[in-house]
Amino acid sequence: MAKGIALHWRLIPRRYTLLGTECRSCGEKFFPPRQLCPNCRRGAKIKEFKFSGNGEIYSYTIVHSPPKGFEFMKPYVLAVIKLDEGPLLTAQIVDSKPEDIEIGRKVEMVFRKVIADGDSGIIRYAYKFRVKRE
Amino acid sequence: MPKRVGIIGVGSTKFGELWDYSFRDLITEAGTKAITDAGIDGKDIEALYIGSMSPGLFAEQEHISALVADYAGLSGIPATRVEAACASGGLALREAYIAIKSGLFDIVVAGGVEKMTDVSTESAMINLMGAGDQEWEAFKGVTFPALYALMTRRHMFEYGTTIEQISMVSVKNHHNATLNPNAQFQFEVSIEDVMNSPIVADPLRLLHCSPITDGASAVILASEEKAKKLSDEVVWISASALATDTIALHDRKSLSRINSSVIAARNAYEQAKIKPKDIDFAEVHDCFSIAEIMAIEALGFCEFGNGGKITEDGETALDGSIPINPSGGLKAKGHPVGATGIAQAVEAVLQLTGRAGRRQVDDAEIGLIHNVGGSGATSVVHILER
């Protein structure tokens, strides 16, 4: 489904480099980014914060019945990742052996193509993760 | 002391793939049945609240508040659509309750409707993902079964819940549905059937998932004074609670419990001045079989982590200590998303007035209904008493 270009463009720094935000008042870090700190509310001082891309698998599933546009990569691993700096996010795990996918396993961010809008539409890129080689 | 609010009439269409029904056919039939059941006339209705998740995507139809009033022959009355994904019906019931509780109206109809099979299954899956976070979940190839699979994995990890226990929810709800003539699925499944069904999002399989369903339900609410005049078997709403949580699953404090349900349940028990052990049966939001286990824990029918165990022990069966989903639940009665919250109220009223036929829970006096939006960002809990 073709969508507006700005929809993807405005999120490029966030999705390409794990650029989130941080509340300088209470220290909580946010990814996905928030412009309002739920703890400090309007008293918050929000700044940009770039995450290291290191974390661990908090939960995972293997998707066998994907949504439109993701069929070519099925089955794929989707995980909730707990970043070392605190927040959790949802991402695919790639370039890893099936037997290495387990709760608690250390992972690191990689930059990958996510989906393309048909043959001539926009190609969207973002963070994915892979199991860290020990 | 504020007046009580009662339900004096209920109606539902059959649930299923109803190819000969349009969106408006569904809600008109449910509403007509409810008005007939209440023994009132359409012109007695002062306002309507309608829950529907996504008529814009499923039927390319918005502005359904006026449409529903129009086809119900009620043009002129105030009509309001409310939406909270799969909890839209529960929200409509609550708005109707508040409208009467406030003293503004005496007789109000609350309806819920979803027409899901006019689009392909593929499109339906994408539409349903609108209940989650588009920017940070759906974008990564997340589906709703995947979100519940992430919760399942965590529940199994933290509590040792087994896939067999989760499968027993499907087995029980399919059995109950065979006793419900309005249910989408009228057949039993075995644990082996569930465990061998196609894998959707590991560890969840097809028979752990609720189906795509067309259907509508409606209930007529009345103030205490009017209800007593119009009916001699009123079901009273003794609690109405709504709570929210983060839109994305990954932002929750826990993946193994639905915190919005915990908050709504606590609030509801306080309003009704009762405890979980006083509940005779519950209709809970089993969009996936793990969700029933998480629901019965959140509602206080067992300790956290024990939902699988009490399911295995048969406590949640029709003849158990706390029958859960006597209707067949979302799994087997069907899940027309916006209608589900109202359909749960319909079932509770049938149970409390002794009209539930072969699935009747013995001596049912107090029932609880529990409706969830998305992966738990909204929970609505109502307690109904005879």
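Predicted model: local features only at pLDDT ≥ 70, side-chain atom pairs only at ≥ 80, totals over all residues.
**View 1. The surroundings of B:V108.** When residues up to four places away in sequence are left out, B:V108 touches B:I45, B:E46, B:A47, B:L48 and B:Y49, and also B:A96, B:A99, B:I100 and B:L221.

**View 2. The contact between the two domains of chain B.** Chain B is divided into domain 1, which comprises 5–120 + 213–236, and domain 2, which comprises 130–208 + 238–385, and the C-alpha centres of these two domains lie 23 Å apart. To their contact, domain 1 of chain B contributes 39 residues and domain 2 of chain B contributes 36 residues. On the side of domain 1 that touches domain 2, at least two residues each are supplied by β1 (5–12), α4 (88–101), β4 (107–114), β7 (215–223) and β8 (235–244) of chain B, with the largest share, eight residues, coming from α4(B). Sorted by class, that side of domain 1 has 21 nonpolar, 13 polar and five charged residues.

**View 3. B:I98 in helix α4 of chain B.** B:I98 is found in helix α4 of chain B, and this residue counts as partly exposed because 15 other C-beta atoms lie within 10 Å, whereas a buried residue would need 20 or more. B:I98 and B:V5 are 93 residues apart in sequence, yet their C-alpha atoms are 9.0 Å apart in space.

**View 4. The contact between chain B and chain A.** Chain B gives 26 residues to this contact and chain A gives 23 residues. On the side of chain B that touches chain A, the elements giving two or more residues are α5 (121–128), α6 (144–159) and β5 (199–202) of chain B, and α6(B) provides the largest share, seven residues. By class, this side of chain B has 15 nonpolar, three polar and eight charged residues. Strand β4 of chain A, residues 54–63, pairs with β5(B) in the antiparallel sense over two bridges, and here A:I62 stands opposite B:D202.

**View 5. Strand β1 of chain A and its pairing partners.** Four of the five residues of strand β1 of chain A, residues 19–23, are buried, so this strand is largely enclosed by the rest of the structure. With strand β3 of chain A, residues 46–50, β1(A) pairs in the antiparallel sense over five bridges, and A:L19 has A:K50 as its bridge partner in β3(A). β1(A) also pairs in the antiparallel sense with strand β2 of chain A, residues 29–30, over two bridges, where A:E22 stands opposite A:K29. β1(A) and β2(A) form a hairpin with five residues between them, and A:G27 in the turn has a positive phi of about 90 degrees.

How values were computed:
Residues numbered from 1 in each chain as written. Chains lettered and ligands numbered in written order. Domains from an automatic or database assignment. Contact = placed C-beta atoms within 7 Å. Nonpolar A, V, L, I, M, F, W, Y, C, P; charged D, E, K, R; others polar. Pairing = 2+ DSSP bridges. Buried ≥ 20, exposed ≤ 12 C-beta atoms within 10 Å, placed from the backbone.
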